[in-house]
Amino acid sequence: MKRYDQHMHTHFSPDSEETLANYLKISQGTLVTTEHLDFHDFYNNEQDTVLDYDAYSATIAQLEATSGRRIRKGLEVGFTVESKEKILAYLEGKEFDVLLLSVHQNGRYDYLQPVVKKKEVRQVMHEYFGLLLIAIQHFPQANILSHFDYGIRLFDVTLEEFQKHKTVLTAILKRMKTNKIALELNTRSMYEYGNVALYEQMIEWYVTMGGQRFSIGSDAHSVAHYGFHFKDAIALLKKHCVTKIAVYDQQHAIFKPI
Ligand SMILES: [Zn+2]
Ligand SMILES: [Zn+2]
């Protein structure tokens with residue numbers, strides 16, 4: 001199948017300078033862009049990172065005038081309980097094809113900030129996975145849970161250390177299954193931050209409890225990372241007898257064979 005990358009950013013996110021036109025050039029078929037919404041964003045001087053929906057929609061409409069309908073609108077919602085009302089207010093009256101749910105921060109720092117490295121990994125996991133569970137409980141309208149390992153990207157976590165948090169992790173997956181939320185294979189987390197074993201464990205737990213929704217996303221911020229290691233991610237899913245991924249159009253899941 002064509003690469004169906006369901007997590008990537010353009011210059012409509014503050015941490016990317018890539019254009020949609022460039023992604024269109026290097027891809028075939030449907031292109032999904034998932035731009036940031038992060039209130040009180042530690043990577044934006046603690047300002048609110050808010051997608052300019054009108055400019056985004058106008059650019060897409062302009063490109064699609066020549067390309068035909070190829071682009072799906074997506075939003076990566078950076079969730080905190082404190083920003084929940086602002087998130088819901090932002091979404092009011094806007095149309096997106098896919099909503100990613102992410103936890104990037106705990107209200108005091110983003111989990112990629114150097115301060116995190118000074119902390120004890122067990123404690124960071126305890127806190128971060130707790131926040132993921134809260135996010136899933138508060139935001140059932142999400143379609144995909146992104147990078148469940150974002151909070152521990154700065155650590156080398158062994159599978160044994162990870163498995164000690166099985167109770168909360170399986171509670172997250174159970175809630176995802178109930179709310180029909182797909183588990184993202186974030187290929188940069190897997191093959192750049194080296195967390196492929198943790199992803200395999202989550203796939204195994206999810207499949208065992210009957211979870212059937214999976215998505216693959218590179219989290220590219222430039223065309224260079226688009227579709228990053230997709231062959232490896234697909235092979236990993238097939239190893240666990242997963243034969244389809246969930247892709248979204250107007251927030252409805254369509255299952256595509258891999
Ligand atoms: Zn993210
Ligand atoms: Zn992202």
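User: What spacing do the donors of the zinc ion (ligand 2) follow along the chain?

Analyst: They run H-x1-H-x66-E-x142-D. Donors here are N, O and S atoms within 2.8 Å of the metal (3.2 Å for Na, K and Ca), and since water is not among the atoms, sites may look incomplete. Keep in mind that this is a predicted model: local features need pLDDT of at least 70 and side-chain atom pairs count only at pLDDT 80 or more, while totals for chains, interfaces and linings use all residues. Residues are numbered from 1 along each chain as its sequence is written, chains are lettered from A and ligands numbered from 1 in the order written, and side-chain values use heavy atoms, with hydrogens and water left out.

User: OK, which residues coordinate the zinc ion (ligand 2)?

Analyst: H7 and H9 each coordinate it through NE2, E76 through OE and D219 through OD, at 2.1 to 2.3 Å.

User: Why is the arrangement around the zinc ion (ligand 2) called irregular?

Analyst: Because its 4 donor atoms subtend angles of 80 to 170 degrees. Four donors count as tetrahedral if all angles lie between 85 and 135 degrees; four count as square planar and six as octahedral if opposite donors are over 155 degrees apart and all others between 65 and 115, and anything else is irregular.

User: And where do H7 and D219 lie?

Analyst: H7 is in the segment before α1 (20-26), and D219 is in the loop between β7 (214-217) and α9 (230-239), so the pair ties together parts that are 212 residues apart in sequence. Helices (H or I, at least four residues) and strands (E, at least two) are DSSP runs, numbered from the N terminus.

User: Are H7 and D219 buried or exposed?

Analyst: Both H7 and D219 are buried. Buried means under 20% relative accessible area, exposed over 50%, and partly exposed in between (1.4 Å probe, protein chains only).

User: Where do H104 and H147 lie?

Analyst: In two loops: H104 between β4 (98-102) and α4, H147 between β5 (144-145) and α5 (159-163), so this pair ties together parts that are 43 residues apart in sequence. H104 is buried at a relative accessible area of 5%, and H147 is buried at 1%.

User: Switching to helices. At what angle do α4 and α6 pack?

Analyst: About 15 degrees between α4 (residues 121-138) and α6 (residues 166-178), with the axes 9 Å apart. That makes α4 roughly parallel to α6. Angles under 35 degrees count as roughly parallel, over 145 as roughly antiparallel, 65 to 115 as roughly perpendicular and the rest as oblique. Axes are lines fitted to C-alpha atoms, for helices over the stretch in contact, and angles run from 0 to 180 degrees between N-to-C directions.

User: Is the crossing of α4 and α6 left-handed or right-handed?

Analyst: Left-handed. That means the near helix is turned anticlockwise from the far one by less than a right angle; clockwise would be right-handed. Residues making the contact (heavy atoms within 4.5 Å) include F129, L132 and I136 of α4 and V168, I172 and M176 of α6.

User: What about α8 and α9, which way do they cross?

Analyst: That crossing is right-handed. Helix α8 (residues 196-208) packs against α9 at an angle of about 35 degrees, with axes 10 Å apart. V196, E200 and I203 of α8 meet L236, L237 and K239 of α9.

User: Which residues does V242 contact, leaving aside its neighbours within four places in sequence?

Analyst: V207, F214, L237 and I258. V242 is in the loop between α9 and β8 (244-249), and counts as buried at 7% relative accessibility.
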